[in-house]
Every structure is written in structure tokens, then in C-alpha cells.
Amino acid sequence: MSDKTISYTPIILILLPLVLLSAIFFIPNSNSYLQLNFFSNSCQPAALPPQHLPKSKPEFKLLIGIITVPEKTERRHIIRMAYELQKPIPHAQIDIRFVFCQLKTEEQKVFIAMEILRYRDIIILNCTENMNEGKTYTYFSSVPKMFQGEEQPYDYVMKADDDAYFRLDNLFDALRDKPRVDTYWGKGYPPLDQDNPPYLVGMGYALSWDLVQWIAESDFARNNTHGIEDINLAMWLNVAGKGKNRFNMREKMYDFHGVEVKDFPNYTIAVHVLKNDFTWMVTLKNFNVTGGLEPSPFYHL
């Protein structure tokens, strides 16, 4: 072996790993691109849960505003996961937002700001936190201003409680063929066999976009905001002769009332009064939300 060959061998041994590393990081190939893209996207704020983003122009657009309070951080994470794990709905865009009034503490401002940066699913209204002193009015009247300049960003706008779980596919099926003007949709009260209930209960009801615009412009609604929120909203519509297309989902939207599978029929649109982790667990388990979990050496459930 020559002296020249011996002198170059250590250099080659040092440079070879560097060349290989350069090839991995700088030469484009499908595998490295997908891996880098995956981790990059996982850190980006998402405006919507990915499975609810339509691949083409949606034929149906719904905004669900979940009325809640800043302190319920853990509950928001459960709700987010519960909706993200539902199956995608072709040609539909369903935007789910958590709705607060103004934040009160420095801790809330920092932690809620982090949630906004990560999830982009929070609306903060210009009001003091309340239940029956105008928060629902502020929500509906603020939505058109948020989308000012857009002709009709949504077909329907929904108000939902934070202790209600909606099955989005059944919700979509129940709304997709309804009129998209002058429509008031939800669970009627009294829960009798009637097609024109006097009001729809606050667990979750939807208004067509024109009614939301009307609320934002109505002096009557603005001057009558205090009182039980779902009764108030119905009063606005009834006095003004609005919401003539009224749909009562009385059997498909119900309060939590048991722990057996038979208590959760497949036609269910919404389950209400999920006040604690146990009731959420029972509901999600009965609808088999975790059915897609595969065996793995990384966990034992």
C-alpha cells in the first residue's frame, strides 16, 4: 500500500459520513419531505380540525359557537378531540369555535393566547362573562361584523352549550336539505309532537344567515337581551314574525339519561347535560369514538 493511499484513508473515513448526512437533508426525496412536512404542520395553528376542511368548495357551511368560559381548559381539549375524531363529511365545512367574553386575569390572557396560536378556534366577545345577560345576543350580533365584506360566509350559525356533544354527520344530514333562509332549527319546547314550537332549547340551535344578520341590525333584539337566553331569542323571532321555517329535532337531541348502549340510539344528533368527565366518557364510549385505536407496544389500554 502506498504512502499516498494511507494518508488519504482517514480523510475519506471522516468525510464519508458527512456526505451521507448531506444527502439525507439536502437531496429532495418523497420520504424526507413527508416527514419534515408532517412535523412542520403539527406545529402550525389550524383554523379547523383537519378532517372538517373540505377538499373542494363546500356545498354546506356551518359555524358552531360553543358558549363557554375561559377556565374550562381541560373541557375544551376533550371537546376538541371529540370533534376531531369524527369522520370527515364530504362537501361540508363545519367550523367549531369556543366563545368567551373578555378575559379577566393575566394567566387567562397568556394561556388563551397560546390556545389561539395553536388552534385558532376561539372567539372573544366584547362583553362581561355572563349566561343570561346578553352573551348569546352579543355572539349572534357580532358574527356578521367578523365576516364583514363576505356575502354569506355560512349557511347557518349555531349556538351550542359546552355540555353538549353533537354528532356532526347526523347534524349535517338534519340541516342539509332545510331552507337556508328564515330557518330556526333545534329541539323544541315543550317537547310535544308539534312542528312549530314556541322556542328551541339552548343546548344547541341553528339560525340561517339572514336571521343572524337581522339580529345584528334589530333594535328590538338589542333592547331585550336580559333573561333566559333561549326564550329571549325565540321572543325576538316571534315578535318580528321571523323563523317561520321552524324544525323540531325533539327525539334526536336529548339530555344524558343513562349508561347503556340502548340509551344512545344511532340517530342521535346531540347529547346534553354532560357536566363531568364521567358523562363525557360514557357518551363517547357508547358512540365508539376510540374505535380506530390500533394495538401498539407504546400503550396498553
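This is a predicted model: local features need pLDDT of at least 70, side-chain atom pairs count only at pLDDT 80 or more; totals for chains, interfaces and linings use all residues.

A: Helix α7, residues 209–217, packs against helix α9, residues 229–240, at an angle of about 95°, and their axes are 12 Å apart. With that angle, α7 is roughly perpendicular to α9, because angles of 65 to 115 degrees count as such. On the α7 side, the residues in contact are Leu211, Trp214 and Ile215. They meet Leu233, Trp236, Leu237 and Ala240 of α9. Sorted by class, this contact between α7 and α9 comprises seven nonpolar residues, with no polar and no charged ones.

The buried residues of α9 are Glu229, Asp230, Asn232, Leu233, Ala234, Trp236 and Leu237. Among these, Leu233, Trp236 and Leu237 also take part in the contact with α7. After α9 comes Gly241, which has a positive phi, near 70°.

The account now turns to strand β9. This strand covers residues 204–208 and is mostly covered, with five of its five residues buried. In a regular strand, side chains alternate between the two faces of the sheet. In β9 both faces are covered: Gly204, Ala206 and Ser208 are buried on one side, and Tyr205 and Leu207 are buried on the other.

Two strands are joined to β9. Strand β4, residues 156–161, runs antiparallel to β9 and is joined to it by five bridges. In this pairing, Ala160 stands opposite Gly204 of β9. Strand β6, residues 183–186, also runs antiparallel to β9, with two bridges between them. Here Trp185 has Ala206 of β9 as its bridge partner. Gly204 and Ala206 belong to the set of buried residues on one side of β9.

A further sheet can be described in the same terms. It is an open sheet of three strands in the order β5-β12-β11, with mixed pairing. The edges are formed by β5 (165–166) and β11 (253–255), each of which has a single partner strand, so one side of each is left without a neighbour in the sheet. Strand β12, residues 270–272, pairs with β5 in the antiparallel sense over two bridges. Within that pairing, Tyr165 stands opposite Val271 of β12.

Technical notes: Residues are numbered from 1 along each chain as its sequence is written. Side-chain values use heavy atoms; hydrogens and water are left out. Axes are lines fitted to C-alpha atoms, for helices over the stretch in contact, and angles run from 0 to 180 degrees between N-to-C directions. Helices (H or I, at least four residues) and strands (E, at least two) are DSSP runs, numbered from the N terminus. Angles under 35 degrees count as roughly parallel, over 145 as roughly antiparallel, 65 to 115 as roughly perpendicular and the rest as oblique. Contact means heavy atoms within 4.5 Å. Ala, Val, Leu, Ile, Met, Phe, Trp, Tyr, Cys and Pro count as nonpolar, Asp, Glu, Lys and Arg as charged, and the others, Gly among them, as polar. Buried means under 20% relative accessible area, exposed over 50%, partly exposed in between (1.4 Å probe, protein chains only). Two strands pair if DSSP finds at least two bridges between them.
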